[in-house]
Amino acid sequence: MLIRSRSPHDLTESDTTPEALYWNRRTVVAGMLAAGLVPQAVGAVQAAEVNSPLPRLAGKRTRTLDEEWTSYDSVTHYNNFYEFGTGKEDPAERAGTLRTRPWTVRIDGLVAKPQTIDIDRLTKLFPLEERIYRLRCVEGWSMVIPWTGLPLAKLLALAEPLGSAKFVAFETLRDPRQMPGQRSPVLQWPYVEGVRLDEAMHPLTLLALGLYGRVLPNQNGAPVRLVVPWKYGFKSIKSIVRIRLTDRQPPTSWNLSAPNEYGFYSNVNPEVDHPRWSQARERRIGDWLPRKTLPYNGYGEEVAALYRGMNLRRYF
Ligand code: MTE
């Protein structure tokens with residue numbers, strides 16, 4: 001494969017779940033509970049205020065999940081954002097160089113109304129929602145994250161997609177001064193991703209502007225990123241500057257880098273292993289034991305129909 005050094009997906013078992021993350025508050029609280037040292041307090045961990053200097057970004061909660069949220073600290077310090085390095089803690093350390101204002105997103109290609117939207121107009125145009133989603137990384141770890149954002153479908157509707165549009169291509173900012181990782185050829189820059197138009201229009205597909213009730217930290221893809229919860233995490237492209245509608249399947253960064261390892265669809269599928277790692281199980285960050293991975297990351301009832309009749313081994 002083309003990966004020259006270590007890829008984000010090139011991890012050993014110990015990399016995927018560092019010891020420090022095992023011993024987060026949840027594990028400690030669970031241990032104390034088991035020992036009878038504290039009253040039932042786990043729910044309080046979930047509701048806790050986060051300690052963040054970032055501005056608040058409220059949204060009406062429209063989707064819950066009966067699973068414990070991953071700690072804010074883990075969500076914001078265990079990241080993949082190659083524009084700031086290939087180590088999990090690099091983005092939190094280095095993404096301060098990214099300037100997120102002014103910021104515009106260009107929507108063009110096969111649309112009746114191509115336009116450039118200022119990020120601050122987005123929040124005026126659309127009501128924000130809070131949705132709790134699982135995020136499953138192809139490396140074998142997963143998180144539960146409260147996102148704040150809006151359905152991508154609403155933004156696309158504004159540009160009026162033409163009947164000939166079949167796919168949506170996304171592009172991250174390219175600026176090696178702000179994103180020093182782009183000085184290294186570890187991936188082709190800018191980072192690009194794509195989904196089919198029906199996937200993009202699916203009500204689960206979110207454009208996220210925040211998490212944990214605050215604006216997105218730079219390391220999580222500020223000021224705007226995609227979240228497609230039934231696909232592996234690398235589809236969730238960060239710091240988007242361009243959205244282009246097209247009639248051809250667009251190139252995607254990981255597929256360009258290693259086509260035999262990363263397909264275009266990348267739906268979470270415990271039955272189709274990555275060439276180097278089984279996808280049958282995952283480790284929720286903060287948990288001790290692995291759990292079974294669910295088809296479509298648990299969103300099958302809502303999205304399986306999008307792939308009816310497709311050979312999911314071929315279209316992986
Ligand atoms: N987007 C850009 N622009 N650059 C990246 O390196 N990494 C992807 C995805 N989006 C990446 C990206 C991968 S591999 C994953 S798993 C998720 O972002 C991680 O999102 P998180 O760090 O917010 O958990």
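In this predicted model, the largest cavity is lined by 26 residues. Asn80, Phe81, Arg225, Gly233 and Lys238 lie nearest the centre of that cavity. About 340 Å³ of space lies inside the largest cavity, and by the rule applied here the count comes to one cavity of 30 Å³ or more. Sorted by class, the lining of the largest cavity consists of 16 nonpolar, seven polar and three charged residues. Among the elements that contribute to this lining, strand S5, which spans residues 141-151, gives the most, with four residues.

The largest cavity is also where the ligand sits. The ligand is surrounded by 17 residues, and the closest of these are Asn79, Tyr82, Glu83, Arg225 and Lys238. The shell around the ligand divides by class into seven nonpolar, seven polar and three charged residues.

An N or O atom in the side chain of Arg225 is 2.6 Å from an oxygen atom of the ligand. On the backbone, an N or O atom of Ser236 lies 2.9 Å from a nitrogen atom of the ligand. A polar backbone atom of Asn80 is 3.2 Å from a nitrogen atom of the ligand. Taken on its own, the ligand has 540 Å² of accessible area, and the protein covers 100% of it.

A separate open space was also examined. The second largest pocket has a volume of about 260 Å³. Its lining is made up of 22 residues, and those closest to the centre of the pocket are Tyr232, Asn267, Asn269, Val272 and Phe316. By class, 13 of the residues lining the second largest pocket are nonpolar, seven are polar and two are charged.

Arg101 and Pro102 are joined by a cis peptide bond, with omega at about -10°. Pro102 is placed in the loop that runs between helix H6 (90-94) and strand S2 (104-109). A cis peptide bond also leads from Ala222 to Pro223, where omega is near 0°. The loop that holds Pro223 lies between strand S9 (214-215) and strand S10 (225-227). Arg225, whose side chain has an N or O atom 2.6 Å from a ligand oxygen atom, falls within the residue range of strand S10.

Glu160 has a positive phi of about 55°, although this residue is not a glycine. Glu160 is found in the loop between helix H8 (152-159) and strand S6 (167-172).

How values were computed. Residues numbered from 1 in each chain as written. Predicted model: local features only at pLDDT ≥ 70, side-chain atom pairs only at ≥ 80, totals over all residues. Heavy atoms only, no water. Near = heavy atom within 4 Å. Polar contact = N/O pair within 3.5 Å; in protein donor to acceptor, adjacent residues only side chain to side chain. Areas by Shrake-Rupley, 256 points an atom, 1.4 Å probe, with all protein chains shown as cover. 1 Å grid on protein atoms, 1.4 Å probe; cavity = no way out; pocket = protein on both sides within 12 Å on 5 of 7 lines; lining within 4 Å. Sits in = over half its atoms within 2 Å of the grid points. Nonpolar A, V, L, I, M, F, W, Y, C, P; charged D, E, K, R; others polar. Points joined across faces, edges and corners; volume = space filled by probe spheres on them. Helix = DSSP H or I, 4+ residues; strand = E, 2+ residues; numbered from the N terminus.
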